[in-house]
Amino acid sequence: MVDADEAQRALRRINDYLARTAESDEDIQAHLETGAPGEALVLPRPVAELFASTLAALANGQGVQIMPVDAVLTTQQAADMLNVSRPYLIGLLESGAIPYKLVGRHRRIRFADLRQYLREDDVKRKDAADELMDMDQELGLS
């Protein structure tokens with residue numbers, strides 16, 4: 001487990017470096033505190049930026065989960081990721097909102113399909129909020 005203070009300190013160092021070298025697309029050489037003298041770990045810049053994003057979440061006290069895009073989830077894992085009950089998720093699956101496969105008698109959901117559902121749901125929620133704001137303005141309530 002990474003301490004939030006350690007994550008914040010590392011995040012500052014990475015962000016400072018990324019800001020100083022913003023125009024560069026060269027790989028980054030990281031010298032580790034526990035490595036052999038002169039030994040460097042070479043990282044592509046996008047990987048360092050991914051580390052910075054991960055450290056930002058950890059520094060804010062948030063948990064981080066890394067999952068392969070092609071991972072297959074159980075209904076309970078998918079429900080937990082959506083922060084909904086398992087019966088509610090099963091309703092989404094059976095309505096066709098999220099694709100799934102049967103493995104024996106068990107439903108399995110591809111992580112990529114769950115992410116796609118989340119993206120589409122976010123767009124629907126934003127559109128609904130925009131529509132409410134438009135109606136609010138038309139009625140002169142704002």
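Predicted model: local features only at pLDDT ≥ 70, side-chain atom pairs only at ≥ 80, totals over all residues.
D130 has a partner. Its side chain meets that of K126 in a salt bridge, at 2.8 Å from N to O. How many residues apart are D130 and K126 in helix 5? They are 4 residues apart, so about one helical turn separates them. In general, an α-helix has 3.6 residues a turn, so residues three or four places apart point the same way.

Now the helix that holds this pair. Helix 5 covers residues 111-138. It has 28 residues and reaches 41 Å from its first C-alpha to its last, close to the 40 Å expected at 1.5 Å a residue. Which residues are buried in helix 5? They are F111, A112, D113, L114, Y117 and D121. The buried residues of helix 5 pack against strand 3 (72-74), helix 3 (75-82), helix 4 (86-95) and strand 5 (106-110). Just after helix 5, G140 takes a positive phi of about 70 degrees.

One of those buried residues, D113, brings us to another salt bridge. D113 pairs with R110, and the closest N and O atoms are 3.3 Å apart. D113 counts as buried because its relative accessibility is 17%, and the cut-off for buried is under 20%. R110 has 42% relative accessibility, so R110 counts as partly exposed.

Next, helix 2, residues 45-59. Here E49 and R45 meet through their side chains in a salt bridge of 3.5 Å, N to O. Both residues lie in helix 2, 4 residues apart, about one turn of the helix. Is R45 buried or exposed? R45 is buried, because its relative accessibility is 9%. E49 is at 37%, which means that E49 counts as partly exposed.

I have described salt bridges in turn; a search of the whole structure finds 5 of them.

Last, a point about the backbone. Most residues other than glycine have a negative phi. N83 is not a glycine, yet N83 has a positive phi of about 60 degrees. Where does N83 lie? N83 is in the loop between helix 3 and helix 4. N83 has a relative accessible area of 71%, so N83 is exposed.

Terms used: Residues numbered from 1 in each chain as written. Heavy atoms only, no water. Salt bridge = Lys/Arg side-chain N within 4 Å of Asp/Glu carboxyl O. Helix = DSSP H or I, 4+ residues; strand = E, 2+ residues; numbered from the N terminus. Buried < 20%, exposed > 50% of the residue type's maximum accessible area, 1.4 Å probe, protein only. Expected span 1.5 Å × (residues − 1). Contact = heavy atoms within 4.5 Å.
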